[in-house]
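User: I am new to this structure and would like to learn how to read its features one at a time. Could you take me through them?

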Amino acid sequence: MSYEPPTPPAELPTDIVDTLNEYSPDQLRHIARYAEELGEHKAREARLNEESDDEKVEERLDDLPEDVPAKATITIKKINDNRYYYWQWREGEKVTSKYKGPVNSDE
C-alpha cells in the first residue's frame with residue numbers, strides 16, 4: 001500500500017473531496033458502506049421503474065380526456081375485488097392517475 005493519499009475520481013466534486021478529507025478512517029468506512037448501499041438501492045429502484053413501465057397496458061384509446069397528457073397509458077387496478085381502468089402518467093418523480101372506468105367482466 002502506498003504512503004501517498006489516493007487520487008480522487010475526476011467525476012467527484014471538489015467540495016465532497018474536501019469534506020471527505022476531514023473525516024476519520026471509521027467515518028469514511030461508514031460512508032463507503034452507505035454509499036455502496038445507496039447506489040444499489042437507486043439502481044434497484046430504476047430497474048423496478050423500468051419493469052413496472054413495461055407491465056403497463058399499452059393500449060391507446062381515442063377517448064383521451066383533455067386533462068390527460070398524450071403520454072399517458074392505461075393501467076388496471078384491483079380494488080375490493082373489482083377492476084378499474086386508470087390513465088397513468090409521470091410528472092417528474094410523481095406518477096399521476098385519473099379514473100377512466102370499470103373493467104367489463106366480459107373482457
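Predicted model: local features only at pLDDT ≥ 70, side-chain atom pairs only at ≥ 80, totals over all residues.

User: Is R83 buried, exposed or partly exposed, and which residues does R83 touch?

Analyst: R83 counts as partly exposed, at 41% relative accessibility. Leaving out residues up to four places away in sequence, R83 touches I76, K77, K78, P102 and V103. There is also a C-alpha distance to read: R83 and G101 are 18 residues apart along the chain, and their C-alpha atoms are separated by 9.0 Å.

User: Are N80 and D81 buried or exposed?

Analyst: N80 is exposed, with a relative accessible area of 69%. D81 is exposed as well, at 68%.

User: How do I read a nonpolar core?

Analyst: In soluble globular proteins, nonpolar side chains tend to be buried together. Here the largest nonpolar core has 7 residues: V68, A72, I74, Y85, W87, W89 and V103. Strand β2 gives the most to this core, with 3 residues.

User: What share of the protein is buried?

Analyst: Buried residues make up 14% of the 107 residues in the protein.

User: What share of the contacts joins residues 24 or more positions apart?

Analyst: Such pairs account for 13% of the contacts in the protein with a separation of 6 or more.

User: How do I read a salt bridge, and how many are there?

Analyst: Side chains of opposite charge can pair when their charged atoms come close. The cut-off is a nitrogen of Lys or Arg within 4 Å of a carboxyl oxygen of Asp or Glu. By this rule the count comes to 2 salt bridges.

User: Where is the salt bridge of R29 and D26?

Analyst: The side chains of R29 and D26 meet at 3.5 Å, N to O. R29 and D26 are separated by about one helical turn because they are 3 residues apart in helix α2 (residues 25-55). R29 is partly exposed, with a relative accessible area of 48%, whereas D26 is exposed at 52%.

User: And which parts of the chain does the salt bridge of D67 and K98 link?

Analyst: The side chains of D67 and K98 meet at 2.7 Å, N to O. This pair links distant parts of the chain: D67 is in the loop between α2 and β1 (73-79), K98 is in strand β3 (residues 94-102), and the two are 31 residues apart. K98 is partly exposed, with a relative accessible area of 29%.

User: How do I read a pocket?

Analyst: Rolling a probe the size of a water molecule over the atoms shows where empty space is left. In this model, about 340 Å³ of space lies in the largest pocket. It is lined by 13 residues, and the closest to its centre are P5, P6, T7, P8 and N21. By class, the lining of the largest pocket divides into 9 nonpolar, 3 polar and 1 charged.

User: Which residues line the second largest pocket, and of what class are they?

Analyst: The second largest pocket has a volume of about 180 Å³. Its lining consists of L12, I16, L20, L28, I31 and A32. The elements that give two or more residues to this lining are α1 (14-20) and α2. The largest share, 3 residues, comes from α2. The lining of the second largest pocket has 6 nonpolar, no polar and no charged residues.

Technical notes: Residues numbered from 1 in each chain as written. Heavy atoms only, no water. Helix = DSSP H or I, 4+ residues; strand = E, 2+ residues; numbered from the N terminus. Buried < 20%, exposed > 50% of the residue type's maximum accessible area, 1.4 Å probe, protein only. Core = buried A, V, L, I, M, F, W, Y, C linked by side-chain atoms within 4.5 Å. 1 Å grid on protein atoms, 1.4 Å probe; cavity = no way out; pocket = protein on both sides within 12 Å on 5 of 7 lines; lining within 4 Å. Points joined across faces, edges and corners; volume = space filled by probe spheres on them. Nonpolar A, V, L, I, M, F, W, Y, C, P; charged D, E, K, R; others polar. Contact = heavy atoms within 4.5 Å.
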